[in-house]
Amino acid sequence: MPCTWRTSDLQLLLILTVFLVPASCMDDKQNDSKLLPEVNISLHVLVGTKAVLSCPEILLDNVLVTTWEIILRHKPLSIKAYRSDLNETTEVNSTDKRITWAFRPDQNPALLIYPVALTHDGYYRCQMATPNGNFHRGYNLQVLVAPEVTLFRRENGTTECKAVAGKPAAEIFWIPEGNCVPHKKNWDNDTETVWSTCYWEDSNVSTVFCFVSHQTGNKSLSVELSEGASKPQNIRMLCIILSVFIILVIMGSIWLLKISGCRKCKLKKTEGTPAEEDEMQPYASYTEKKNPLYDTTNRVKTSHVLQSEVDGTGLHAFYVTGL
């Protein structure tokens with residue numbers, strides 16, 4: 001069951017463990033120390049991942065106290081300890097919940113950091129106190145951040161390759177080499193942004209490659225130098241095509257208007273013919289009335305009709321009387 005120890009009690013326990021051991025075990029301690037020398041390991045961990053730090057590989061039955069000392073920048077010393085004879089754990093200045101025991105400390109006193117953050121940069125040391133002496137293993141933990149890499153051409157004709165917010169800073173190389181100017185900016189979270197701006201005087205260079213070297217992995221990007229020069233030509237061609245299209249649309253609209261106008265004229269002419277005939281009828285009547293020759297002809301026609309009627313009537317009467 002976890003309990004709270006005072007820092008002085010913990011330090012006293014460690015001192016007693018180290019010095020109050022049987023004298024007959026000193027030789028064994030020296031032998032074990034030769035077999036398990038002090039180890040300091042440089043460990044690089046990607047931010048957001050999991051890190052498991054292990055203690056020296058010794059028989060746990062002989063371990064009296066296991067202590068993790070955690071030294072982080074701008075923070076006080078933090079301690080996590082396990083005392084096997086009492087089966088108790090204690091913590092001093094341990095407020096980061098992302099740093100915990102990876103397993104049960106009586107079975108495996110490894111330390112777990114998850115998820116790894118930039119603030120976990122520091123030194124971690126596992127010390128195991130046994131009757132044969134103390135054994136320890138240290139870790140210089142460095143948190144890595146992969147940079148975001150971009151490559152593009154500027155309007156002034158230069159090409160820029162940038163690695164944003166990497167930890168540690170990335171390195172940039174060009175193929176082929178050009179006239180380049182490096183830049184660098186540090187951020188408050190210990191990440192760094194680097195970029196390189198280049199131009200090539202050789203007109204035969206059509207494609208350039210930017211290589212970004214970083215501990216999290218290398219990246220390579222390429223860009224066509226002729227791309228920037230071709231953009232104005234493409235814009236001009238697009239403007240020309242658009243202008244021709246507009247002209248064609250205008251001409252087509254005028255042509256359609258002309259066709260529709262002609263059709264309307266034809267329809268008006270077709271509709272006007274009966275009207276003209278109707279308009280001519282009064283004139284014809286007038287002519288018939290006022291023209292003497294036309295009037296004489298009509299009289300002659302009328303007399304013939306009457307004569308025919310008379311003859312037909314008389315013949316009909318004679319036929320009736322005879323009967």
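1. In this predicted model, strands S15 and S16 form a hairpin in which 5 residues lie between the two strands, and Gly217, placed in the turn, has a positive phi of about 140°. The two strands, S15 at residues 207-213 and S16 at residues 219-224, run antiparallel and are joined by 6 bridges; within this pairing, Phe211 stands opposite Ser220 in S16.

2. On its own, strand S15 shows two faces: Val208, Cys210 and Val212 make up the covered one, while Thr207, Phe209, Phe211 and Ser213 make up the uncovered one. Strand S15 also pairs with strand S12 (residues 171-175), in the antiparallel sense and over 5 bridges, and here Ile175 stands opposite Phe209 in S15.

3. Elsewhere, an open sheet is formed by 3 strands in the order S2-S7-S6, with antiparallel pairing. Strand S2 (51-53) and strand S6 (99-101) are the edge strands, each of which pairs on one side only, and the twist from one strand to the next averages 25°. Between S6 and strand S7 (residues 111-113) there are 3 bridges, and Thr100 has Leu112 in S7 as its bridge partner.

Technical notes:
Residues are numbered from 1 along each chain as its sequence is written. This is a predicted model: local features need pLDDT of at least 70, side-chain atom pairs count only at pLDDT 80 or more; totals for chains, interfaces and linings use all residues. Side-chain values use heavy atoms; hydrogens and water are left out. Two strands pair if DSSP finds at least two bridges between them. Helices (H or I, at least four residues) and strands (E, at least two) are DSSP runs, numbered from the N terminus. Axes are lines fitted to C-alpha atoms, for helices over the stretch in contact, and angles run from 0 to 180 degrees between N-to-C directions. Buried means under 20% relative accessible area, exposed over 50%, partly exposed in between (1.4 Å probe, protein chains only).
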